[in-house]
Amino acid sequence: MFIDHEYIESLLNEAKNATKEDIQAVLNRAEERKGLSHKDIAILLQTEDEEQLKEMYKIAGEIKKSIYGNRIVMFAPLYVSDYCVNNCVYCGYKKNNKFARRRLTREEIQQEVKILEKMGHKRLALEAGEDPENCPIDYILDAIDAVYSTQNDNGIIRRINVNIAATTVENYKKLKEAKIGTYILFQETYHKPTYNKMHPNSIKGDYEYHLTAFDRAMEGGIDDVGAGVLFGLADPKFEVLGLMLHNEHLEEKHGVGFHTISFPRLKKAEGTDLKAFPHLVSDDMFKKIVAITRIAVPFTGIIMSTRESAEMRRELLKYGVSQLSAGSSVEVGGYKEREEGKNDVEQFEMADHRTPIEVLKELIDSQYIPSYCTACYRKGRTGDRFMSLAKSGQIQNVCTPNALMTLMEFLMDYGDEELHQKGEALIQEELRKIKREDVRNLVTNNIERIKSGERDLYL
Ligand code: SF4
Ligand code: SF4
């Protein structure tokens with residue numbers, strides 16, 4: 001198995017003796033963008049010195065900026081079913097929690113999508129618990145179709161990433177045919193003894209089957225996969241190295257690693273006592289592992305959800321986060337219920353409750369370009385084609401123009417007066433920074449076309 005526990009433990013043990021000089025040598029290599037070894041990553045994880053931490057954060061931020069520019073991609077989750085046959089210790093949807101479960105009908109999905117579209121979203125992550133009877137693959141395929149076919153004025157969902165349980169090659173083929181963006185699956189923890197403890201008596205309890213899900217997804221033709229660890233279950237240092245080894249395995253076997261990595265941190269959930277988890281991750285450790293992951297896998301998108309507070313998200317943006325959710329609800333039918341002032345069982349507790357407009361204002365104030373871009377997969381830039389563009393440093397030549405065009409769409413269709421002013425000023429400033437004259441002219445022209453009513457222009 002490619003997650004060799006003894007190997008990871010030995011790396012971590014050896015790294016315990018790392019001196020300040022050893023750490024500095026790795027930081028210097030990171031700054032020169034020389035590939036880092038597993039040993040180097042293990043050494044970086046030992047960094048405690050304030051000055052060295054600052055240097056590490058700076059390098060992580062610069063790496064993100066040099067590859068993707070200053071765009072931040074926005075998305076929202078859509079929970080369609082909370083039926084679940086598993087009993088994951090940390091989750092509010094676990095089988096043992098008794099509450100009225102539901103799965104949305106096609107009409108209910110369309111209602112949710114319309115609300116999300118009114119918020120300006122173009123990219124969703126579809127989420128469902130695991131239940132082969134109440135939530136079979138055909139239901140998911142129909143849900144995807146319901147989302148893609150729901151249009152509301154200028155609102156349309158252009159990319160659906162799907163986060164459903166590990167499944168078979170045949171089912172992954174079906175998801176591919178349904179035109180999903182990224183297939184997302186969190187390993188939760190790479191540490192097998194912890195994995196077994198967290199997933200008692202359940203389908204999900206099969207560590208190997210879960211771990212090899214991306215291999216089957218890739219066999220089924222899906223080439224963008226999104227990984228994640230639920231930080232707080234096992235030693236976070238072990239998890240970072242687990243992520244690295246998993247990524248390398250996919251690169252070696254399928255030619256492309258993770259498209260994204262999500263960073264959920266264990267939060268309070270219905271029926272979960274946080275005191276039972278000895279590895280809860282402090283804010284300082286969390287910042288460190290986000291920055292180290294950015295340095296270790298420079299070309300992979302890093303996703304931060306609304307589990308984290310506005311302050312934490314603000315800070316982590318500086319260290320390499322490239323995608324944010326906004327205005328999220330983490331319950332089935334939650335968008336409609338929120339409109340109606342109701343509130344039900346959530347999968348976990350959220351910390352950032354701001355609307356997309358509020359999040360966008362802050363991003364713009366901090367000189368980030370909020371982006372609703374979904375261009376790559378619609379242009380066939382997926383898998384290794386995407387990675388080679390990212391690795392050659394070319395991706396920001398499309399990221400920035402697409403961010404500016406989608407921001408203008410948002411301003412026209414959903415922005416208030418204040419956002420409009422802030423956004424327009426940022427767009428003009430960013431247009432001036434585009435070096436290639438032909439690209440600058442094209443984007444300037446497209447921005448005018450969007451102002452005159454055209455939509456969905458992208459490179
Ligand atoms: Fe079910 Fe997923 Fe929650 Fe586990 S984490 S109980 S599989 S919804
Ligand atoms: Fe993402 Fe591609 Fe759009 Fe850049 S151009 S934001 S990588 S979809």
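## A cluster of rings

Tyr172, Tyr183, Phe214 and Phe258 are linked into a cluster by ring pairs. Rings of Phe, Tyr and Trp (its six-membered ring) pair if their centres lie within 6.5 Å. Planes under 30 degrees apart count as stacked, over 60 as edge-to-face and the rest as tilted. This is a predicted model, where local features need pLDDT of at least 70, side-chain atom pairs count only at pLDDT 80 or more, and totals for chains, interfaces and linings use all residues. Residues are numbered from 1 along each chain as its sequence is written, chains are lettered from A and ligands numbered from 1 in the order in which they are written, and side-chain values use heavy atoms, without hydrogens and water.

The whole structure holds 12 aromatic pairs. One of them joins tyrosine 172 and tyrosine 183, edge-to-face, at 4.8 Å centre to centre and 65° between the planes. Tyrosine 172 lies in helix H7 (residues 169-177) and tyrosine 183 in strand S4 (residues 183-184), so the pair ties together parts 11 residues apart in sequence. Helices (H or I, at least four residues) and strands (E, at least two) are DSSP runs, numbered from the N terminus. Tyrosine 172 is buried, at 0% relative accessible area. Buried means under 20%, exposed over 50%, partly exposed in between (1.4 Å probe, protein chains only). Tyrosine 183 is also buried, at 0%.

The rings of phenylalanine 231 and phenylalanine 286 have centres 6.4 Å apart and planes at 70°, so this pair is edge-to-face. It links distant parts of the chain, 55 residues apart. Phenylalanine 231 is in the loop between strand S5 (225-228) and helix H11 (236-254), and phenylalanine 286 is in helix H12 (residues 283-296).

## Charges over rings

The charged end of arginine 265 sits over the ring of phenylalanine 286, 4.4 Å from its centre. For this, NZ of Lys or CZ of Arg must be within 6 Å of the ring centre and within 35 degrees of the ring normal. Arginine 216 lies over the face of tyrosine 209, 3.7 Å from the ring centre.

## Around ligand 2

The shell around ligand 2 (residues with a heavy atom within 4 Å) includes Arg71, Cys373 and Phe386. Strand S1 (71-81), helix H16 (375-378) and helix H18 (396-414) each supply at least two residues of this shell. H18 gives the most, with 3 residues.
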